[in-house]
Amino acid sequence: MDQLSSLREAILIGDGGAAARAAGEALAAGVSPVDVIAEGISPAMGEVGQLFEEGEYFVPELLIAARATKEVFAILRPLLAETGARPAGRVLLATVEGDLHDIGKNLVGMMLEGAGFEVVDLGVDIPASRFVSAVEAERPQIVGLSALLTTTMPAMKTTLEALDAAGLRSQVKVMVGGAPVTQRYADSIGADGYGDTATAAVELARSLIGRQDAEASQG
Ligand code: B12
């Protein structure tokens with residue numbers, strides 16, 4: 001898809017205006033908002049991360065690429081909100097304590113919104129105690145934890161333990177993700193699911209809601 005390649009290129013050079021125009025053209029050509037994220041923004045940001053790892057990009061390039069995606073999200077957000085009449089479920093989403101990475105989390109949130117989920121995004125660097133109070137206040141079916149640093153992954157475990165200690169663990173399904181996180185790690189901390197991409201996060205959220213409904217009907 002031509003418009004999606006232009007979108008990718010615009011994000012790679014951090015040109016928000018061109019990215020927004022390319023996204024607008026893709027939408028006009030019939031590409032769905034969800035596909036603009038899944039097939040445009042998501043792979044482009046993956047590539048930006050890769051270029052950084054390879055030493056081709058430095059922090060400024062990263063940040064202007066991330067800023068360019070925000071201009072596209074501004075166009076997509078109202079369109080995503082229009083999809084689906086009844087929310088598919090409520091997801092509380094955040095990056096764990098000590099961790100400021102939010103590009104992947106934001107993509108996950110956008111994709112979930114596109115799939116009809118109501119997303120409560122707490123932001124970044126969220127301590128376990130805030131998850132506890134937010135679960136009490138928002139009553140989500142799912143909590144999504146993101147971590148991009150090996151040093152902050154343990155905060156996922158701490159968060160699960162805090163939910164448990166507050167008597168809330170059985171009321172929510174917890175899904176985890178972020179570049180260093182693996183299925184094995186998710187299993188080791190007792191999370192209910194792991195997703196390696198924003199698209200996988202949507203599938204996972206759907207299946208977790210299904211599991212929760214089944215458990216609720218069994219009493
Ligand atoms: C962008 C970036 C930054 C930006 C963050 C900007 C922002 N607003 O997010 C800045 C420059 C601020 C930054 C800072 C730092 N960073 Co950094 N950063 C990256 C980089 C290059 C890309 C991350 C990214 O956005 N990828 C693109 C997105 C789309 O992918 P993603 O996040 O993995 O998300 C996808 C999936 O993982 C999944 N997913 C994500 N979350 C969730 C949640 C759920 C529930 C589910 C199901 C799925 C899911 O879906 C997403 C979409 O497909 C990575 C390298 C890399 N390749 O990962 C390093 C990296 C993560 N950073 C690293 C480091 C070390 C740091 C710093 C400590 C650097 C420093 N010395 O100051 C600081 C830490 C700041 C902090 N306290 O958090 C290291 C971590 C190493 C380690 N072993 O932990 C990495 C791996 C780079 C490296 N090789 O050294 N960083």
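In which loop is the place of His101? Select the stretch between β1 (90-96) and α5: His101 sits in that loop. Keep in mind that this is a predicted model.

**Stop 1: the cobalt atom.** Show the ligand and centre on its cobalt atom. His101 is the only protein donor there.

**Stop 2: the nearest residues.** Now display the shell. There are 32 residues around the ligand. Glu53, Leu100, His101, Asp102 and Ser146 come nearest.

Stop 3: An N or O atom of the Glu53 side chain is 2.5 Å from a nitrogen atom of the ligand. Move to Thr150, where a backbone N or O atom is 2.8 Å from a ligand oxygen atom.

**Stop 4: the elements.** Colour by secondary structure. The helices α3 (33-53), α4 (59-82), α5 (103-114) and α9 (198-217) each supply at least two shell residues. So do the strands β3 (142-146) and β4 (173-177). Highlight α3, which gives the most, with five residues.

**Stop 5: the domains.** Colour domain 1 (2-82) and domain 2 (90-217) separately. Each of them provides at least three residues of the shell.

Stop 6: The ligand sits in the largest pocket. Colour the shell by residue type to see 16 nonpolar, 12 polar and four charged residues around the ligand.

Methods: Residues numbered from 1 in each chain as written. Predicted model: local features only at pLDDT ≥ 70, side-chain atom pairs only at ≥ 80, totals over all residues. Heavy atoms only, no water. Near = heavy atom within 4 Å. Polar contact = N/O pair within 3.5 Å; in protein donor to acceptor, adjacent residues only side chain to side chain. 1 Å grid on protein atoms, 1.4 Å probe; cavity = no way out; pocket = protein on both sides within 12 Å on 5 of 7 lines; lining within 4 Å. Sits in = over half its atoms within 2 Å of the grid points. Helix = DSSP H or I, 4+ residues; strand = E, 2+ residues; numbered from the N terminus. Nonpolar A, V, L, I, M, F, W, Y, C, P; charged D, E, K, R; others polar. Domains from an automatic or database assignment. Donors = N, O, S within 2.8 Å, 3.2 Å for Na, K, Ca; no water.
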